Amino acid sequence: MTNEIIKQRLTEKFGEQVSAFEDSYGMLSFEAPKELNLKVLNFLYDDEQLKFRFMTDLTGVHYPNQTGRELAVVYHLHNLVDNIRLRFKVFTDINQPDIYTATGLFSAANWMERETYDFFGVNFVGHPNLKRILNVDEMDYFPLRKEFPLEDQTRIDKDDEMFGRG
Amino acid sequence: MARPVSYNLIHKPLEADISIAQMPDGQQGEGFFATKLNDVIGLARKNSIWPLPFATSCCGIEFMATMGSHYDLGRFGAERVGFSPRQCDLLMVMGTIAKKMGPVVKQVYLQMAEPRWVIAVGACASSGGIFDTYSVLQGIDQVVPVDVYVPGCPPRPEAIIDGVLKIQDLIGKESLRRRNGDQYKALMESYGIQ
């Protein structure tokens, strides 16, 4: 099985809705509308030929310049039989970051969706326990969104000028 | 050609075969020695510190070297490393403390019995170090009072030993009434303890 075959199978099934196919360092990546994420994941999982039945990673990306599709959720899938990996992205508006949860399909998504919620504020609709997992519970923002600086804003002993941030 | 290895070039004569603690000031005559209770207790405390290592990263590795045979913190009476806060006098925080770890450090401190001392080993425990980021506590003195800070990233075992000697100094000179004083109570109050 090659990336070409995967692309062909996906276009047969979803037509124009799967787009932005890209082949970076031999790894296929593509995107779909966020409403379709479970349909695509299910198709990749169930299809007798594709068999992407292992989720290696799920994470978020914030693109502040792409108005209307600021937040990306990236799924990394692995076909353990043929040892082929792919990346699948969905984009969402940052003002309404609702995405269907993949926990029903992959148990591994439970932890990683909580992490993505914790850092990017993606609201995974239907997740059984969507709350912060790595950051302190009192944190009131999503630290990996670009508008928040990396440095600890509560620090008092570090002089900005001394750190070249004047 | 192999480079000749030479070290310990400067020969330091031993001051005494066995290093023993200095006797405190006092009056003595035949069969008696009178001194202040303060000094006796200070002497006893400072030469038998029970450290509680709270090691979270590379400074902890340096501490392991400090406890090992080469540097041997046991020479200074701190042989017995306790792993129960109830029995220890000296909390040694070594390594990066994430904000989520902050309450744990504080709880360990609260579980220690008075008198207790805290030493922050390394840049991270002292100030957050290179981790000037949203997830890292910018110095453990935000959650517990600290007696001695040891700089370094990580500090060498000699630096850690120097810090412990500074703590010994503090312990030896501490007044027995200090922990009941208003200043100490105000300090505890500022950390929200009692």
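Across which strands does helix 3 of chain A lie? Helix 3 (residues 108–120) of chain A lies across strand 3 and strand 4 (71–79) of chain A, and runs at about 10° to strand 3 of chain A. Helices (H or I, at least four residues) and strands (E, at least two) are DSSP runs numbered from the N terminus. Axes are lines fitted to C-alpha atoms, for helices over the stretch in contact, with angles from 0 to 180 degrees between N-to-C directions. This is a predicted model, in which local features need pLDDT of at least 70 and side-chain atom pairs pLDDT 80 or more, while totals for chains, interfaces and linings use all residues. Residues are numbered from 1 along each chain as its sequence is written, and chains are lettered from A and ligands numbered from 1 in the order in which they are written.

In chain A, 5 strands form an open sheet of mixed pairing, in the order 1-2-5-4-3; two strands pair if DSSP finds at least two bridges between them. Strand 1 (19–24) and strand 3 (54–62) of chain A are at the edges with a single partner strand each, so one side of each has no neighbour in the sheet. Within chain A, strand 2 (residues 27–32) and strand 5 (residues 84–92) run parallel, joined by 5 bridges. A:Leu28 is opposite A:Leu86 of strand 5 of chain A.

Between the chains, the contact takes 9 residues from chain A and 10 residues from chain B, two residues being in contact if their C-beta atoms, placed from the backbone, lie within 7 Å.
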